[in-house]
Amino acid sequence: MGGNITSVIIPSNIKTIGAKAFNSCYSLTSVTISNGVETIGNGAFTGCDQITSIAIPESVKNIGENAFSACRGIKTLTIANGVQNIDSMAFKHCSGITTVTIPASVKSIGSEAFFSCTSLESVIILNGLESVGSRAFGENSALVSIKIPDSVKSIENDAFWCSAVVIYCSPNSYAETYAKNNAIHYVEKSIEELKVTLSQTTYTYDNKEKRPTVTVKDGNKTLKLGTDYTVSYTKNKAIGKAIVTITGTSEGEGGYEGTVKKTFTIKKGDYYSRITHGGTWKNESYTLGGVKMTDVFFFDGAYTYYLQAD
């Protein structure tokens with residue numbers, strides 16, 4: 001194809017984009033693949049490094065070998081539910097892609113399909129995928145997390161050849177076994193997916209810190225504070241909304257990661273009204289309703305005064 005093409009629209013009546021159809025069209029910046037196209041041939045867009053986004057429609061069943069390899073300008077990749085196979089090296093050296101979601105319809109990801117996608121940070125694979133080929137996500141130095149569903153039953157040993165990657169998977173799954181056998185940091189679940197409750201969600205102000213008990217449950221299993229998660233409290237003394245932060249403590253052998261924030265309320269009550277409203281000052285004592293108060297304090301907005309009756 002000519003090197004001066006800048007945009008192309010593949011109409012819905014075209015079923016196959018042929019092998020190397022737009023190979024090395026270096027000026028090509030925009031590609032629209034209409035719903036109706038079923039196959040993207042081998043090397044169809046190899047080296048078209050000015051393309052910035054690609055949306056694969058649901059009608060496409062197969063993305064061929066090297067289909068978009070070395071398209072280094074692609075930053076946004078959308079793969080619709082309907083695609084069944086991503087062949088070898090399909091997106092190899094697409095160094096601009098930062099995230100990718102593999103839809104449930106995809107059954108296989110070929111060898112080196114996303115090899116050396118050096119900006120790729122996150123991969124989510126929906127339940128349906130069955131196999132991941134050799135070095136499919138190899139040499140992706142930025143890749144920090146990949147979610148692998150229970151449907152996956154085959155992963156080549158060097159599929160995730162990345163030093164910092166964390167695999168998110170279910171307990172006793174194939175992915176967990178794979179992670180263990182290959183010394184890869186894995187996490188069985190994120191704390192965000194679990195049921196987190198507070199023992200109390202409303203308190204009455206009394207100038208004391210409030211610390212409701214946190215319960216975290218994974219199904220019928222109750223997680224252990226300090227082992228599975230930690231808890232911290234903020235704004236838990238003043239009137240208003242207080243915050244509880246629950247953080248998973250996994251260090252790489254299963255367990256839980258992530259953070260959940262819960263809130264509770266500290267409201268005004270009789271005690272607050274009694275010590276901050278009404279009454280009269282006289283010397284160092286405080287009288288409210290004709291009664292001299294003892295062992296109380298008064299807050300004037302800047303200082304707290306502790307009183308003792310005469």
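Colleague: Is Asn-236 buried or exposed?

Modeller: Asn-236 is buried, because its relative accessible area is 6%. Buried means under 20% relative accessible area, exposed means over 50%, and partly exposed lies in between (1.4 Å probe, protein chains only). Bear in mind that this is a predicted model: local features need pLDDT of at least 70, side-chain atom pairs count only at pLDDT 80 or more, and totals for chains, interfaces and linings use all residues. Residues are numbered from 1 along each chain as its sequence is written, and side-chain values use heavy atoms, with hydrogens and water left out.

Colleague: Where does Asn-236 sit?

Modeller: In the loop between strand E22 (229-234) and strand E23 (240-248). Strands here are DSSP runs of E with at least two residues, helices are runs of H or I with at least four, and both are numbered from the N terminus.

Colleague: And what is Asn-236 in contact with?

Modeller: Leaving aside neighbours within four places in sequence, Asn-236 touches Lys-208, Glu-209, Lys-210, Arg-211, Ala-242, Phe-264 and Ile-266. Contact means heavy atoms within 4.5 Å.

Colleague: Some charged names there. Which side chain meets Lys-210 in a salt bridge?

Modeller: That of Asp-206, at 2.9 Å, N to O. A salt bridge is a side-chain nitrogen of Lys or Arg within 4 Å of a carboxyl oxygen of Asp or Glu. Lys-210 is buried at 13% relative accessible area, while Asp-206 is partly exposed at 24%.

Colleague: What about Arg-211?

Modeller: Its side chain meets Glu-209 in a salt bridge at 3.4 Å, N to O. Arg-211 is exposed, with 53% relative accessible area. Glu-209 counts as partly exposed at 48%.

Colleague: How many salt bridges does the count come to?

Modeller: Five. Another of them joins Glu-112 and Lys-92, at 2.8 Å, N to O. That pair links distant parts of the chain, 20 residues apart: Glu-112 is in the loop between E10 and strand E11 (122-125), and Lys-92 is in the loop between E8 and E9. Glu-112 is buried at 13% relative accessibility, and Lys-92 is buried at 17%. Lys-92, Glu-112 and Arg-135 are linked in a network of salt bridges.

Colleague: On to the sheets. In what order do the seven strands run?

Modeller: E2-E4-E6-E8-E10-E12-E14, in an open sheet with parallel pairing. The edges are strand E2 (16-17) and strand E14 (154-155), each pairing on one side only. Two strands pair if DSSP finds at least two bridges between them.

Colleague: How many bridges join E8 to E10?

Modeller: Two, between residues 85-86 and residues 108-109. Asn-85 stands opposite Ser-108 in E10.

Colleague: What about the five-strand sheet?

Modeller: That one is open and parallel too, in the order E9-E11-E13-E15-E16. Strand E9 (99-102) and strand E16 (186-187) each have a single partner strand, so one side of each is left without a neighbour in the sheet. Strand E15 (residues 166-168) pairs with E16 over two bridges, and Tyr-168 has Val-187 as its bridge partner in E16.

Colleague: Last topic, pockets. Which residues lie nearest the centre of the largest pocket?

Modeller: Lys-147, Ile-148, Tyr-168, Cys-169 and Ser-170, out of 14 lining residues.

Conventions: 1 Å grid on protein atoms, 1.4 Å probe; cavity = no way out; pocket = protein on both sides within 12 Å on 5 of 7 lines; lining within 4 Å.
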